[in-house]
Amino acid sequence: MSEKEVVNNKISKTFCILPWIHVSTKTNGEMRLCCTTSASSAGKSNDKKFGGKLGVFRSDTGSPLNLASAGLLKSWNSDYMKTVRSQMLKGEIPSSCQKCFKEEASGVNSKRIWETEYWSRQVSINDLVANTKEDGAVPEKIQYMDLRFGHLCNLKCTMCSPHDSSSWIKDWKTINPQIKNDHLQGIMSWDNEGRADGASYEWYKNPEFWSDLLSQIPHMQQLYFAGGEPLILKEHFELLEECIRQGYAKNITLRYNSNGTYIPEKVLTLWQKFKYVRFGFSLDSFGAMNSYIRYPSKWADIEKNLRALDNTPSNIEVTMACAVQALNMYYLPEFIQWKLSQDFKKINAYPHGAGLINFHFVYHPANLNVKMLPTPVKDAIHDKMEKFIVWLEERFAGNKEFLKNNYGVKRLRSMVKFMYSEDWSNRFCEFQEYIALLDKTRGTSLEETFPEFYEVLRPHMDKAYFSVRGDTEI
Ligand code: SF4
């Protein structure tokens, strides 16, 4: 049965397993259905009239439910969650889930599809649905948690913000007052510096959260850590140690999104006690381009840690996860060629990402979304990608499995389709202003780091970009 058939045939055309097994946290303690939920409302308990902070669990009165004060288990059967489950069982698309359905319309294997397919092999969907009450309530049995213990991070990536990374705060304080474009100001706003509506980057210190979470360890099948940077967080280590102490580590798969700059010996030792570890190494390009995007990482550290992870025991799976955005899409062919030249033993070994790299999109901030590139720039990316696909097809000629794999050539084509799916080029000015301010603040250079791409962009750059950078106007 194909992944699509698994999803479509089981319960309803809009069913996703996650609201039955999963809670995703945000760095500030808010909860959501998953890390993909779109910025849109999810029915009566999460409507715009309640404040429009969309995709976030809300109480009956409309205020966001935050783990700094609201209980994890109480929130599990909140009105918000019950409404989403009921909508899915009726075949409706919850507003918070629009992103998945939009991706599917572009031919992308959405998170809804791959998560439901993956989990349908671990749990009985029929049992989950049979145990759902008429109002959408389900037993207190959370099997999969996405945990972001605050925003502590050692990097300040171009697509991140102070909300995601504590290292961003200094640059944000420099850049924010200089922004002229209204949209960009909106994108760069940091609501009450992360403390709006009772939110806190130290939400995880709430004892009720810990007692709820620890009570779920016997049910837990997967713990997913992102951040911030999970491998520098002491609470991440404490939770792993507690799973081992309770004797359930052997049932639990650990999943990570990590910037891979710090892989301590201690974590390699703890991982040996767990059922499986899926380590997603966030890497957006190679060499200086990665250091520019994942600033200020050092490429030598990344290479060293990739080699170390490539030589770990067999219960550790390592994949490279690339966030596709305006800065790196032009160079994806070179990035894939670099990966293929490395001859890693296990990193993205086939079938992971078809043996290439795992790709996902940067939707926010909009000023880095590939949709905002001017059409001639998109055309240049498209031409380059098509030539590369010919090269790939020649290299893998005769390998039918690779050629029909959803994460190989098909994925590259679907990313191009996504880029063309909407024209946001009226927002290209936001990209220019943002990059100019970033370069001025950090002493980096778009032109020197991405020279070929810069030449493609140059005819479309306007005077504002050069005046911010202090260059001679063209
Ligand atoms: S449908 Fe998509 S956005 Fe909604 S919960 Fe599932 S994976 Fe998340």
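These questions and answers cover the ligand site and the aromatic contacts of a predicted model.

User: Where does the ligand sit?
Analyst: The residues around the ligand include Cys16, Cys34, Cys97 and Cys100. Lys111 and Arg112 are also among them. As for its location, the ligand sits in the largest cavity.

User: How many nonpolar residues does the shell around the ligand have?
Analyst: The shell has 2 charged residues and 1 polar residue. Its nonpolar residues number 6.

User: Are the rings of Phe361 and Phe418 stacked or edge-to-face, and why?
Analyst: A search of the whole structure finds 34 aromatic pairs. In this pair, the ring centres of Phe361 and Phe418 are 3.8 Å apart. Planes under 30 degrees apart count as stacked. The planes here are at 20°, so the pair is stacked.

User: How many residues apart in sequence are the parts that Phe361 and Phe418 tie together?
Analyst: Phe361 lies in strand β8, residues 358–361. Phe418 lies in helix α18, residues 409–420. The pair therefore ties together parts separated in sequence by 57 residues.

User: Which helix holds both Phe388 and Trp391?
Analyst: Phe388 and Trp391 form a stacked pair, 5.5 Å centre to centre. They are 3 residues apart, about one turn of the helix. That helix, residues 375–395, is α16.

User: Is Trp391 buried or partly exposed?
Analyst: Buried means under 20% relative accessible area. Phe388, at 4%, is buried. Trp391 has 33% relative accessibility, so it counts as partly exposed.

User: Which ring lies under the charged end of Lys384?
Analyst: The charged end of Lys384 is 4.0 Å from the ring centre. The ring it sits over belongs to Tyr330.

How values were computed. Residues are numbered from 1 along each chain as its sequence is written. This is a predicted model: local features need pLDDT of at least 70, side-chain atom pairs count only at pLDDT 80 or more; totals for chains, interfaces and linings use all residues. Side-chain values use heavy atoms; hydrogens and water are left out. A residue is near a molecule or strand if one of its heavy atoms lies within 4 Å of it. On a 1 Å grid over the protein atoms alone, a cavity is a set of points where a 1.4 Å probe fits but cannot get out, and a pocket is an open set with protein on both sides within 12 Å along at least five of seven lines; lining residues have an atom within 4 Å of a point. A molecule sits in a cavity or pocket if more than half of its atoms lie within 2 Å of its grid points. Ala, Val, Leu, Ile, Met, Phe, Trp, Tyr, Cys and Pro count as nonpolar, Asp, Glu, Lys and Arg as charged, and the others, Gly among them, as polar. Rings of Phe, Tyr and Trp (its six-membered ring) pair if their centres lie within 6.5 Å; planes under 30 degrees apart count as stacked, over 60 as edge-to-face and the rest as tilted. Helices (H or I, at least four residues) and strands (E, at least two) are DSSP runs, numbered from the N terminus. Buried means under 20% relative accessible area, exposed over 50%, partly exposed in between (1.4 Å probe, protein chains only). A charge sits over a ring if NZ of Lys or CZ of Arg is within 6 Å of the ring centre and within 35 degrees of the ring normal.
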